[in-house]
Amino acid sequence: MNSALAAIPGDDRALAELSFAAMSAGDFDTARKAGRQAVLVATDPKIRAAALYNLGRVEEADAPAKAIELYRQSLALRPSKIVDKRL
């Protein structure tokens, strides 16, 4: 995913995927940073919703109230059974 960002710096989809991959690997700092960037630059509501969900997953342990708000924002952009279940 870093190679995708090298090819297209600031790409919203690559940032959202990097956030999820880093979270899955336990690198929460990278996941949080990439997730925040993805939310900021995403213009496609589906990608922004996915980035909000990913960021919510990252925030769950340290800031559950923040995670809930991120999930709600994600659901406002697109319905999702996965996000709804997580909420």
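Which residues make up the largest nonpolar core? I looked this up in a predicted model. I found 10 residues in this core: Leu15, Ala16, Leu18, Ala34, Ala38, Val39, Ala51, Leu52, Leu55 and Leu70. I then noted the elements that give two or more residues to the core, namely helix H2 (12-24), helix H3 (28-41) and helix H4 (45-59).

**Entry on Val39.** Val39 touches Arg48, Ala51, Leu52 and Leu55.

**Entry on H2 and H3.** I looked up how these helices are placed. The axes of H2 and H3 come within 7 Å and cross at roughly 155°. H2 is therefore roughly antiparallel to H3, as the angle is over 145 degrees. I recorded the crossing of H2 and H3 as left-handed. From H2, the residues Asp12, Leu15, Ala16, Leu18, Ser19, Ala22 and Met23 meet Phe28, Thr30, Ala31, Ala34, Gly35, Gln37, Ala38 and Val41 in H3. I counted 10 nonpolar, four polar and one charged residues in this contact of H2 with H3.

**Entry on H2 and H4.** I repeated the search for this pair. The axes of H2 and H4 lie 9 Å apart, and the packing angle is about 20°. H2 is therefore roughly parallel to H4, as the angle is under 35 degrees. The crossing of H2 and H4 is left-handed. I listed Asp12, Arg13, Ala16, Ser19, Phe20 and Met23 on the H2 side, and Ile47, Ala51, Asn54, Arg57 and Val58 on the H4 side. By class, I noted six nonpolar, two polar and three charged residues in the contact of H2 with H4.

Notes: Residues numbered from 1 in each chain as written. Predicted model: local features only at pLDDT ≥ 70, side-chain atom pairs only at ≥ 80, totals over all residues. Heavy atoms only, no water. Core = buried A, V, L, I, M, F, W, Y, C linked by side-chain atoms within 4.5 Å. Buried < 20%, exposed > 50% of the residue type's maximum accessible area, 1.4 Å probe, protein only. Helix = DSSP H or I, 4+ residues; strand = E, 2+ residues; numbered from the N terminus. Contact = heavy atoms within 4.5 Å. Axes fitted to C-alpha atoms, helices over the stretch in contact; angles between N-to-C directions. Parallel < 35°, antiparallel > 145°, perpendicular 65-115°, else oblique. Left-handed = near helix turned anticlockwise from the far one by under 90°. Nonpolar A, V, L, I, M, F, W, Y, C, P; charged D, E, K, R; others polar. Lists of a residue's contacts leave out its neighbours within four places in sequence.
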